[in-house]
Amino acid sequence: MPAPPHIIDVHPADNPFAVTPSDILSGLSHPINQKYLPTILLYDEKGLRLYDDITTFAKEYYLFAAEEEILKNKADEIVRVMHGGHDEAVDGEVVLELGAGALRKTSHILLALSRLRPAASPITYFALDLEQRELERTISQINMSDNIGKHLSGKVDTKGIWGTYDDGLKFVREGGLIASPSSDELVKRVEESLASNNTTRDASPAPKSVTSGSTESSSPGPLTPNSESASNLGDKPMHLLFLGSSLGNFSREAGTSFLESLPLRPGSGDTLLIGLDHDNSKEAVESAYNDSAGYTKKFIMNGLTAAGRILGDEHLFDEKNWEYVNKYDADLRRHEAFVKSKRVQVIKVPSTGEEHKVAEGEIVKIEESFKYSDADAYQLFTLAGLRPIQRWSNNANQYSLWLLERPLFHFSLLSQPTTTNTESSPFGVPTRADWNRLWACWDFITLQMIPLEMLHRRPIDLRHICLFYIGHIPTFLDIHLSRLLGEKNTEPEVFKYIFERGIDPNVDDPTVCHDHSEVPEKEEDWPSLPALLDFRDRVRERLMNLYDRFECSDPSFLTRKVARVLFMTHEHEALHAETLLYMLVQSSPGSAGGTISPPGFARPPFEQLAKEQWNVKVSQPSETTVTLGPTKIDIGHDDSEKDDLEKSVAGHEFGWDNEHPKREVEVPEFRIEWKPVTNGEFYEFWTKQGKEKSIRLPASWVEAEDGTVSVRTLYGPIPLDIANNWPVMADYEAMSAYAVVKGGRLPTDCELRLFMDKFHHGYSGGDANVGFRNWHPVPATTSAAGKKGHNGGVWEWTSTVFSEHQGFEASKLYPGYSKDFFDGCHQVVLGGSFATIPRLSERRSVKNWYQKNYPYAFIGGR
């Protein structure tokens, strides 16, 4: 006989039960039709088996079958991506499943793990669930199965953790899953740890929590690489599984908090595989949760029995007095399950005599399940500080498994733009959190992606050496703080003469350039990197002292002028982060001495993404263009520096000088393509007509000696066929020539603005490829299907020359920002790239510009 499975009890000693009588009575004390019962009641030992019946026999319950289909077909691929594209296990790694259930679907993951090349010690798989006997039964079945157990032997050890989500996750944070030389020693150590730990654990959110009248448990913020929680996990990867669309049973807010609380360490290789049900039809969802054979009804009614048992009489809720009803709200994408009282009832608690009256026809909620559109999913992940690595969907596109990581930095969602009579604007004063996110991004690019040997190199000839930008950003900030406050510059003052302003020389004649700083000619004359970083830290401290002043001691100090300096220096740094990246992509990323590919971010599984998503043939719309206009639109916004001393900051939307003033323009009728020109389309043009017209190879491509073309990425060049449907990035002259050959032209800025207003959903509205959601473009999703989409993650050229417009006022804080480039050589670009922060890509008045033959920036066109 095989030994019984190891089960670790992580319940707190003073409260081993997930539901208490007070939890039930609290829900019953609410007004008519607002009563609820804790969803966790459904998942006692019998309930878990009844749920297994639903997944096995209820033909309408598509969720289980859809997820199992994905795992049957893609488990090896999922596990490979989980391991960074490698087929090798990591010594000491741990897989933890939250709410493991019957393990039928999980067995596909376990078998895929067993097919990895083994490490020195087996992978340890922990199943976390509520019922001890069910854990013992399901793990024993797996271990003794001829089809599964023999393949896991010596490669994957299966263990159990008995407790709620919060119990299990607290156990992890306290170091329970630290890897050790053997699994037996691991279990012994964590059991000893628990025996000595008598702290009370917080109440768990239910596996399927009802929000009506419930209290959401507080969640700690996301872990950081230096947090105690993260370090307690050791230095080996941990992979969390959260299958079965279980997150749908949390409210939107509680689901976000729960994912945010997961102990995934940024940049560590930790992953989360989560299942989410799509926003399917009302008929499909309601049938799935109320099957014709009555399996769901039995499952729900067992929850009433469990409630009675906890209150002291399992017959307290007589099944004959209740019926099961359900409904799906397609607008909220929320399914709700209720028990409905057939008659007037009085629920009397045996031990106390407490009574709760239930009216005839009254409904009591016992379960709800939220469904996730693509926009919902991306909003969820962004709010929870998670980043998708890859997604797999079933053939019917009803359900998806997402593999996620905790990135080393991310940008939060912006609220919807507000009018100036409100208290806040997403384009107002940057918060401390905004600065911290931006600094994390800037420091990551400058200190983790640029090797020391590159600091004194120019990745492109038309810009300074890399070290210049590490000094320029804090110097620019310090200069503007000194001017604002009437104070001296931070020492060493000489930095302002070296780093105040960079260069943007004429592409055709680099000797022609606007005013700029004079920089050292010899490497030894440049300040050292440690000196620059020390200067950076002192300038940042100076900025935070300014926030201390107007947030704490002197709120009146925050005038619109002060706020404008904060906005300007913040967005200036963000723009330079993107500039650095389009420079670095030209410097052999991933090769010795070249740009370091983003460390700590999962390398995209390019081949699989191309096969599964990017190059999948879909039915093309009958029309590749859409006709818009004639109409009138507003462009720009009102933001005059003349008002800075008179008007308040509250609700104001700041912008650069070329964004002011707001003005109405007429847009005649025009036709415009749904998507930007792709690499594949431009390659066909370039090989046939482009070379004849002396169109040079886009700087975003690399041509090998044999003529093979690859596309540059920050992970190194990738084959053109993988990036075939990405938007091509090329200069204005090349894109304009393409448009002319195709019988068209590039749009004006007003035409493109109208198109984007109608058909781009933005960072907060979906999966727009901005704000470092990816480190590369992806295929565009705008189409004639009627839904909003995105352009793939590039700025877009317009045929509008960057020039002075009616009402333009040059900035007094930064006089040359726009005016120096009204030279007839620069074209307006709109939108934002994958490396543009959301407050720039989302502000519709933003107008960027580049020289028409400047080849390096992340710009495409349609």
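Predicted model: local features only at pLDDT ≥ 70, side-chain atom pairs only at ≥ 80, totals over all residues.
Author: Residues are numbered from 1 along each chain as its sequence is written, and side-chain values use heavy atoms, with hydrogens and water left out.

Reader: Why is H3 called roughly parallel to H4?

Author: Helix H3 (residues 62-82) and helix H4 (residues 106-114) pack at an angle of about 25°, their axes lying 8 Å apart. Angles under 35 degrees count as roughly parallel, over 145 as roughly antiparallel, 65 to 115 as roughly perpendicular and the rest as oblique, and H3 is therefore roughly parallel to H4. The axes are lines fitted to C-alpha atoms, for helices over the stretch in contact, and angles run from 0 to 180 degrees between N-to-C directions. Helices (H or I, at least four residues) and strands (E, at least two) are DSSP runs, numbered from the N terminus.

Reader: Which residues of H3 and H4 meet?

Author: On the H3 side they are Glu68, Leu71, Lys72, Ala75, Asp76, Ile78 and Val79, and on the H4 side His108, Ile109, Ala112 and Leu113. Contact here means heavy atoms within 4.5 Å. The residues of this contact divide into seven nonpolar, one polar and three charged, where Ala, Val, Leu, Ile, Met, Phe, Trp, Tyr, Cys and Pro count as nonpolar, Asp, Glu, Lys and Arg as charged, and the others, Gly among them, as polar.

Reader: What makes H2 and H5 oblique to each other?

Author: The axes of helix H2 (residues 45-57) and helix H5 (residues 132-144) come within 8 Å and cross at roughly 45°. H2 and H5 are therefore oblique to each other. Glu45, Leu48 and Arg49 of H2 make the contact with Arg133, Glu134 and Arg137 of H5. By class, that contact has one nonpolar, no polar and five charged residues.

Reader: What is the handedness of the crossing of H17 and H18?

Author: Helix H17 (residues 529-553) and helix H18 (residues 560-584) pack at an angle of about 145°, with axes 13 Å apart. Their crossing is left-handed; a crossing has that hand if the near helix is turned anticlockwise from the far one by less than a right angle, and is right-handed if clockwise. Arg540, Leu543, Leu546, Tyr547 and Phe550 of H17 form the contact with Val562, Leu566 and Glu573 of H18. The classes of that contact are six nonpolar, no polar and two charged residues.

Reader: Why does threonine 106 count as buried?

Author: Buried means under 20% relative accessible area, exposed over 50%, and partly exposed in between (1.4 Å probe, protein chains only). Threonine 106 has 2% relative accessibility and therefore counts as buried. Threonine 106 is placed in helix H4 and, leaving aside neighbours within four places in sequence, is in contact with Glu97, Ala100, Tyr125, Leu241 and Leu243.

Reader: How do you know that cysteine 441 is in no disulfide?

Author: A disulfide is a pair of cysteine sulfur atoms within 2.5 Å, and by this rule the count comes to zero disulfides. For cysteine 441, the nearest cysteine sulfur, that of cysteine 466, is 15 Å away. Cysteine 441 counts as buried because its relative accessibility is 0%. Cysteine 750 also counts as buried, at 13% relative accessibility.

Reader: Which type of peptide bond joins glutamate 491 to proline 492, cis or trans?

Author: That bond is cis, with omega near 0°. Proline 492 is in the loop between helix H15 (466-485) and helix H16 (495-499). The bond from histidine 660 to proline 661 is cis, with omega near -5°.
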